[in-house]
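Welcome! Please take a moment with the sequence and the model below, and then we will walk through a sheet and a helix together.

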Amino acid sequence: MKQPVDRVLDELGMPKLVAALEGLGGADLTSLLLDVLRRRATRVRPSELLHRYATDRFVLAPIVPFPLLRRVEDALIAASAGAFEMLALAPLVPLGTHSAIATVDQNKVVSTTRQNEVAADPTNALSLEAATRRIARLRQEPKSADLIRLGALQRVVRAQKVSGPGRFAHFQLFGLVSAGRDAGGRAFEAAEASEHLRTHAHALAALGAKSVTAFLTDLSGGSAAGIKDSVRSALATVGTVTCVDDDARESGRGYYETFCFKVHASFGGDAFETSDGGSVDWTQRLVGSAKERCFISGLGIDRVALAIGAS
């Protein structure tokens, strides 16, 4: 079947147009696209703006009340205090950030005409910052084992169409990234998986979760048993938390390495997924060293806020 772009090229009678545009230099392509958008913007009427504001899923205002969002954010900041450095992130990242290191289809990302794309997950930008810091430290000490732990709250946009309660085109995410050097024996992954899950669990408990379940998945074929043991030990002091082996999990394979997890919580109603995380090779590729290690995780703030409001 023909793709939509093929139909457009056929109608224009320009089958090689996309290839020609792809071959343009970045500045030239940006200039061309900006002029097209400028011309189209001059034809927009105020009534059309109101219609788009009321109907376009990318610009609709969040349905979650701000006080509830802020309550969840405050709990996450408090839970991560002392362990992670919280950063403010730009709303844009370089073009290809999500597809080049995180294997996300570019069609699921809102790309801009200026060689950027709208943030779709804070862990991507955090990994760029973590890799930048690791490179700086490795220049000072080639075998530096200094650990970088960063976190952020960010409203992100995703282009794929979704439906159902708690699913939006833009939403608030809490992201954590740990970056460091391989310490052998999966020690880095064990320590950081424990720290990430402990942060998520403490925040959910502080928000009044009736139950929290951490689903633990070994993606290594058996060598991640020590990671699971470390996580169970770390979460033993957090009330209402249950750890469950989930080695049959299919989602996340090819995205995460070695180990990953999901967290489900209940605030009085049915349990739902709040968090997801695992080990990735992002800083290995960004820094250019097989010794680099990276662990990421994220929590959907809007869904938790809605659950608190409903309870």
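Which residue stands opposite phenylalanine 272 in β9? That residue is alanine 265. Before going further, note that this is a predicted model, in which local features need pLDDT of at least 70, side-chain atom pairs count only at pLDDT 80 or more, and totals for chains, interfaces and linings use all residues. Residues are numbered from 1 along each chain as its sequence is written, and side-chain values use heavy atoms, with hydrogens and water left out. Helices (H or I, at least four residues) and strands (E, at least two) are DSSP runs, numbered from the N terminus.

**The sheet**

Eight strands make up an open sheet with mixed pairing, in the order β1-β4-β5-β10-β9-β8-β6-β7. Two strands count as paired if DSSP finds at least two bridges between them. The edges belong to β1 (85-87) and β7 (241-245), each of which has a single partner strand, so one side of each is left without a neighbour in the sheet.

Let us look at strand β8, residues 257-266. Eight of its 10 residues are buried, meaning under 20% relative accessible area (1.4 Å probe, protein chains only). Its two pairings are listed here.

| Strand paired with β8 | Bridges | Direction |
|---|---|---|
| β6 (residues 211-218) | eight | antiparallel |
| β9 (residues 272-280) | seven | antiparallel |

Lysine 262 of β8 is the bridge partner of phenylalanine 215, and lysine 262 also stands opposite aspartate 276 in β9. Five residues lie between β8 and β9 in their hairpin, and glycine 268 in the turn has a positive phi of about 120 degrees.

**The helix across it**

Helix α8 lies across β4, β5, β6, β7, β8, β9 and β10, and runs at about 15 degrees to β10. Such angles run from 0 to 180 degrees between N-to-C directions, with axes fitted to C-alpha atoms, for helices over the stretch in contact.

Within α8 (residues 187-206) you will find histidine 200. Is this histidine 200 buried or exposed? Histidine 200 is buried, with a relative accessible area of 0%. Leaving aside neighbours within four places in sequence, histidine 200 is in contact (heavy atoms within 4.5 Å) with Phe174, Leu176, Ser275, Ser297, Gly298 and Leu299.

Helix α5 (residues 66-80) also meets α8: their axes come within 8 Å and cross at roughly 135 degrees. Ala75, Leu76, Ala79 and Ser80 of α5 make this contact with Thr199, His202 and Ala203 of α8.

Conventions. Buried means under 20% relative accessible area, exposed over 50%, partly exposed in between (1.4 Å probe, protein chains only).
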